[in-house]
Amino acid sequence: MATTSRALEVTVISGEGLRLNRRRPVKKNAFAVVRTNSRISRTTKTDIDGRSYPTWNEKIVLEFPSHERFLTVEVHCKTYSGEKVVGAVRIPATDCTGEYFPDNYLHFLSYRLRDGKGERNGIINLSVRFKVPENRVSPAMCGGGAVQWMGGPLAVEGFSSEVVIGVPVWHRYKY
Amino acid sequence: MAVAYVKKRDGSLEELGRTEVIMNCLDPAWIEKINVAYQFEMVQLLVFHVYDVDTRYHNLPVKIVTRQSWSLTIKLHNKNGHASLRNLGTITVHAEETIASRNAVEIKFRCSHLDNKDLFSKSDPFLRISRIVESGGSVPICKTEVVNNNLNPIWKPLTLTMQQFGSKDNPLIIECFDFNSSGNHVLIGKLQKSVVDLEKLHKEKMGVNFILPPSRHRAHEKVLKGQLFVDGFSEKKLYSFLDYISSGFELNFMAAVDFTASNGNPRSRDSLHYIDPTGRLNAYQQAIMEVGEVIQFYDSDRRFPAWGFGGRTYDGSVSHCFNLNGSASGFEVEGIEGIMAAYASALHNVALAGPTLFGQVINTAAEIAGRALSCNNSKYFVLLIITDGVLTDLQETKDALVRASDLPLSVLIVGVGGADFQQMEILDADNGQRLESSTGRIATRDIVQFVPMREVHGGQISIVQALLEELPGQFLMYMRSRDIKPLDANAAPLVPPDQGHPYPIDKSSEYRISHEA
């Protein structure tokens, strides 16, 4: 059985407080690498003069196989003596879906980066969202807030596990 | 004619404005508009007197802003407050937000040559901007993040809405503090500038010196070397808090009460949980009332989840999230009075125990907020935690807050009693140190506001007011970061509409309120 994978939209937003060799702040040329496993990875553009607070705001879409449990994000820096890994973090896939969030929720996440020796080295800010296929019917899914479903809630305070199908009706908020 | 008053805390009425007189008419439709400054953090009671018909109406709460059509029609009462047998008629009040209040300014501040207030390192400066209020005191409206160890800091751009600063000519107090984790931030310097002044500073690329006010050691004020610069100044139009609320967005209120033993036996007079038979509210009741009575107007069904933590319930075990109403299945109560009643009865049924842990309550509130997202994204949740003491497990609380930081949720913590609340300042994350969980995840945003009940901001401004002031900002930050617009965004464009206005748009006829005594 082929492993299924979902498209994951990762927007690498920015980094904070990045240093090289634990002391000197990163001066320039920082970029981020996002990978799901050793084969699938994408790289952002390089922020030439962002210093230790680089900004990328770059959206990357990659395939996230269902069996993978982590998303790895690394920050690299091009220095005159070669490319160095400033820091990395392994993000659990559960953080990207969240425990009780709707499927296509846009998660804004931030993580502590750690360098090769395991020392703290800055913060990475990003957003992730799993793309939900258009043809999938999800009773609990409501888009944009403009059309509101009049059906019952999917889970009432965690007690019920029944699935309720709602019928979409144009619903203007009534006081 | 009709005269509008605002009823102040002591019961006295202050006139806001009056309409013109319409003669010889039993169905007058006045043209004069009266401007009222909307303040989220207080319940503003408006009283309307209609003269010449010798009738009077009492107590129209500010609830008017949460009605879709912004109009309210109420029956008039006579002088004694009774609706008389004779039909005295009705008054219809129509409210709308003045377009100008969608204005906001984004300012990039920078300082140079700040004084060093730290012993072994440099100052950790942050700016606090306050608005001067009628009573002469000032209310903080926003703060920058803290920049560590730097006497020439550059802060991230700060957005100030017209709601916050009032008018561009209003003087604002800008104070620069050195952050201390104990909460006793040291003043580096202050100055007073209006938004117009700041715009000028930006244009002229000039700096302005900070001043140290007179103190015990010095009779006059001292001009410092440290300067403030405005590196960026831009005006934007933003959907305001009221745009969201009037389109149907709601604030859902939730409360959690500390039942740990450090409060003292509720039967003893000096217990923080003592219920005074004369009716004087204890610290817990006061906090619930002051926060709840403001937020309840923004909650459509007035059903509030209410929990206790740190108490030993009927089955003998200590719970860190038990239903305040003592029910096994539902955690909601009806109205603020429902919370008060559940609290009073819980004091009889629950034994104070410990330790003080917030994690479970925060997780439960987060779950509710997360599940609500499946139905719509127009609910924002406010969890009020009232506690007397020091957290037993700070990391557990940080973990719960970090997990909840990406949700439409704000956590307001009120500290009662005399404990040292230094930890709470850490949770409030005002020092720029974003909360970090034990798994390495960092809080997406600062969702905590903390205030100790004993802090008194100069009399007229209640403690809780300061807490609530920041709530619309947190709400807006969440909505704007996700580009969530008010529900009828197409019907409420940011460009002021020229048609369909029931009153003539003639600025010269606007009746301006004056706040001078």
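In chain A, 56% of the contacts (heavy atoms within 4.5 Å) with a separation of 6 or more are between residues 24 or more positions apart. This is a predicted model, so local features need pLDDT of at least 70 and side-chain atom pairs count only at pLDDT 80 or more, while totals for chains, interfaces and linings use all residues. Residues are numbered from 1 along each chain as its sequence is written, chains are lettered from A and ligands numbered from 1 in the order in which they are written, and side-chain values use heavy atoms, with hydrogens and water left out.

Chain A has 12 strands and one helix; helices (H or I, at least four residues) and strands (E, at least two) are DSSP runs, numbered from the N terminus. Along the sequence the order is β-β-β-β-β-β-β-β-α-β-β-β-β. Of the 175 residues in chain A, 43% are buried, where buried means under 20% relative accessible area, exposed over 50% and partly exposed in between (1.4 Å probe, protein chains only). A network of salt bridges links A:Glu9, A:Lys59, A:Arg129 and A:Lys131; a salt bridge here is a side-chain nitrogen of Lys or Arg within 4 Å of a carboxyl oxygen of Asp or Glu.

Chain B is split into domain 1 (2-96), domain 2 (103-237) and domain 3 (241-482), with bounds that come from an automatic or database domain assignment. Taken over C-alpha atoms, the centres of domain 2 of chain B and domain 3 of chain B are 31 Å apart. Their contact draws on 16 residues from domain 2 of chain B and 11 residues from domain 3 of chain B. The size of an interface is often given as the accessible area lost when the parts come together. For domain 2 of chain B and domain 3 of chain B, the buried area is about 1,200 Å², with 54% of it on carbon and sulfur atoms; this is the accessible area (1.4 Å probe) that two parts lose on being put together, summed over both. Of the area that domain 2 of chain B buries against domain 3 of chain B, 29% comes from B:Val139, B:Lys143 and B:Phe179, more than from any other three residues.

Across this interface of domain 2 of chain B and domain 3 of chain B there is one salt bridge. B:Glu469 pairs with B:Arg131 in a salt bridge, with the closest N and O atoms 3.8 Å apart. On the side of domain 2 of chain B that touches domain 3 of chain B, strand β9 (residues 138-143) of chain B gives the largest share, five residues. That side divides into six nonpolar, eight polar and two charged residues; Ala, Val, Leu, Ile, Met, Phe, Trp, Tyr, Cys and Pro count as nonpolar, Asp, Glu, Lys and Arg as charged, and the others, Gly among them, as polar.

Over all chains, the salt-bridge count comes to 23. Another salt bridge joins B:Glu250 to B:Lys379, with the closest N and O atoms 3.9 Å apart. B:Glu250 sits in strand β15 (residues 250-258) of chain B and B:Lys379 in strand β22 (residues 379-387) of chain B, so the pair ties together parts 129 residues apart in sequence.
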